[in-house]
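This report describes a model of protein chains with DNA. Please look over the sequence and the structure before reading on.

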Number of protein chains: 2
Amino acid sequence: MKTVKILICDDHTMVSQALAGFLEQQNFIKSVYICTTAAETIKKYETEFYDIAILDVNMEEMSGIVLAGILSTKYENIKIIMLSMRSDLLTVKESIKAGANGYLLKNADLSEVKNAISRVIDGKSYFSKQISQALLDDQLNLNSDKEEVFITPREREILLLIVKEYHTKQISETLNISENTVETHRKNIMKKTNTKTSVGLVRYAIERSLF
Amino acid sequence: MKTVKILICDDHTMVSQALAGFLEQQNFIKSVYICTTAAETIKKYETEFYDIAILDVNMEEMSGIVLAGILSTKYENIKIIMLSMRSDLLTVKESIKAGANGYLLKNADLSEVKNAISRVIDGKSYFSKQISQALLDDQLNLNSDKEEVFITPREREILLLIVKEYHTKQISETLNISENTVETHRKNIMKKTNTKTSVGLVRYAIERSLF
DNA sequence: AAAAATCTACCTGAAAACCGTTACAAAAAT
DNA sequence: ATTTTTGTAACGGTTTTCAGGTAGATTTTT
């Protein structure tokens, strides 16, 4: 009963090829097609329909979430499973809004892909354990008072100069403000980002690709 | 002629499992063992030797490059292939310094893994096309002033703790050495890496995927 | 066995970062 | 129009880092 047709879109060819190899061994899967870009995926769907699209969230040219939005509005019967390295809730929520039926973490077990496919084919949804737990906590408002941290524009300027190895004095000269002001900003940023040293600030900035 | 034993270390279980599935189909590969952390890998090697270690560069708890350094100094006959999403030269060079015999990009074709394994088993090296080209360009470039910097094992330990926001005192306690010694190491690292602040050290480490 | 590299440790002094707090003007949001 | 946020600035004091040495013990390499 090889009935299901699957398309995988991930710019990490190596990963999608290996994944395809695994899926092709499953007896309920008819075929697996591999794309490396969103554009390629969109084009492919215009000539051929695939029951399930497995989309990587983090792709170079276009986010998998945007792609999911495009596909889900265009093809009613499509089922979409997102694939991601990170488990931040915001991304998950956006994926759901974009029409995703499932969300898998790359650090989950390979068998989850199989399970997810079975589930979404049956019209259900599938989320990696970590994700479903987080979604639940969020709905029950157990989501610890994690107020969103917003760095102000000026603070960001100063943060970027700190990351550039500028000292307080150099920053004050660059921005034509007092050294005291720079220190105040630094302290405020540290409070907001919950860091205690400049090293922490650098990590914060880099992890969020603020520079 | 199933002779080669392979170990894969990647915190993306899904990827390593799929990759393992592919490799197990190859007739020259005897077995494939999967690890999800650097610690697990180090422990496994203490009880069993694997001819080839395929290591992901960007892992949560410890950089694959640091792991490569540990393994290559401990096991003379080991061959190491790095796996990475990014192709920046600094990271590649750092991998080579750490003892890697190959460097594969995740957006390369799956067959490259097979080729890379054959090559490193024969005592040769293998780099994805994009990488080898960049390395070549770099070598032809008149980058005479850029002598390669070699951080010692101890210095690397200290560097990683600095990046973890540890203060001198905490580092000295962690490693059971004097604060003075830690400062000496820090100064030496700064001289070698041509940086003037801890922030610079963090950038140095991050740019080379050392953490 | 000798030479080189690495790891260890100490010293002094200067510079920079960190901590807690207050305060006011300008700009934005309600 | 008024409350809130943002940007500015200051004070005093503590801790940590940075700079430039010297130097002996232990590994590793040659």
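## Basis of the model

This is a predicted model, in which local features need pLDDT of at least 70 and side-chain atom pairs count only at pLDDT 80 or more, while totals for chains, interfaces and linings use all residues. Residues are numbered from 1 along each chain as its sequence is written, chains are lettered from A and ligands numbered from 1 in the order in which they are written, and side-chain values use heavy atoms, with hydrogens and water left out.

Chain A is divided into domain 1 (4-139) and domain 2 (153-207); such bounds come from an automatic or database domain assignment. Between the C-alpha centres of domain 1 of chain A and domain 2 of chain A the distance is 40 Å.

## Strand S1 of chain A

Helices (H or I, at least four residues) and strands (E, at least two) are DSSP runs, numbered from the N terminus. Strand S1 of chain A spans residues 4-9, and six of its six residues are buried, so the strand is largely enclosed by the rest of the structure. Here buried means under 20% relative accessible area, exposed means over 50%, and partly exposed lies in between (1.4 Å probe, protein chains only). Both faces of S1(A) are covered. On one side the buried residues are A:Val4, A:Ile6 and A:Ile8, and on the other they are A:Lys5, A:Leu7 and A:Cys9.

S1(A) runs parallel to strand S2 (residues 29-35) of chain A, and six bridges join the two. From S1(A) the chain passes through helix H1 (residues 13-24) of chain A to S2(A), and this β-α-β crossover is right-handed. Right-handed means that, with the strands pointing away from the viewer, the path from the first strand over the helix to the second runs clockwise. S1(A) also pairs with strand S3 (residues 52-56) of chain A, in the parallel sense and over four bridges. A:Ile8 has a bridge partner in each of these strands: A:Ile34 in S2(A) and A:Ile54 in S3(A). The partner of A:Ile6 in S3(A) is A:Ile52.

## The sheet in chain A

Strands of a sheet pair through backbone hydrogen bonds, either parallel or antiparallel. In this account, two strands pair if DSSP finds at least two bridges between them. Chain A has an open sheet of six strands with parallel pairing, in the order S2-S1-S3-S4-S5-S6. S2 and strand S6 (126-127) of chain A are at the edges with a single partner strand each, so one side of each has no neighbour in the sheet.

## The surface near DNA strand C

A residue is near a molecule or strand if one of its heavy atoms lies within 4 Å of it. DNA strand C is surrounded by 18 residues, and the closest are A:Thr168, A:Lys187, B:Thr152, B:Arg154 and B:Ser178. Of the atoms of DNA strand C that come within 4 Å of the protein, 61% belong to sugar and phosphate. By class, this surface has three nonpolar, ten polar and five charged residues. Ala, Val, Leu, Ile, Met, Phe, Trp, Tyr, Cys and Pro count as nonpolar, Asp, Glu, Lys and Arg as charged, and the others, Gly among them, as polar.

A polar contact is a pair of N or O atoms within 3.5 Å; within protein, one must be able to donate a hydrogen and the other to accept it, and residues adjacent in sequence count only if both atoms are side-chain atoms. Phosphate oxygens of DNA strand C lie 2.7 Å from a polar side-chain atom of A:Thr168 and 2.7 Å from a polar backbone atom of B:Ser178. A base nitrogen of DNA strand C is 3.2 Å from an N or O atom in the side chain of B:Thr184.

## The surface near DNA strand D

Around DNA strand D there are 19 residues, the closest being A:Thr152, A:Arg154, A:Ser178, B:Thr168 and B:Lys187. Sugar and phosphate make up 65% of the atoms of DNA strand D that come within 4 Å of the protein. H9(A) gives the most to this surface, with five residues.

A phosphate oxygen of DNA strand D lies 2.6 Å from a polar side-chain atom of B:Thr168. For A:His185, the distance from a polar side-chain atom to a phosphate oxygen of DNA strand D is 3.3 Å.

Most residues other than glycine have a negative phi, and most peptide bonds are trans. B:Asn176 has a positive phi, near 55 degrees, and is exposed at 70% relative accessibility. B:Asn194 also has a positive phi, near 60 degrees, and is exposed with a relative accessible area of 65%.
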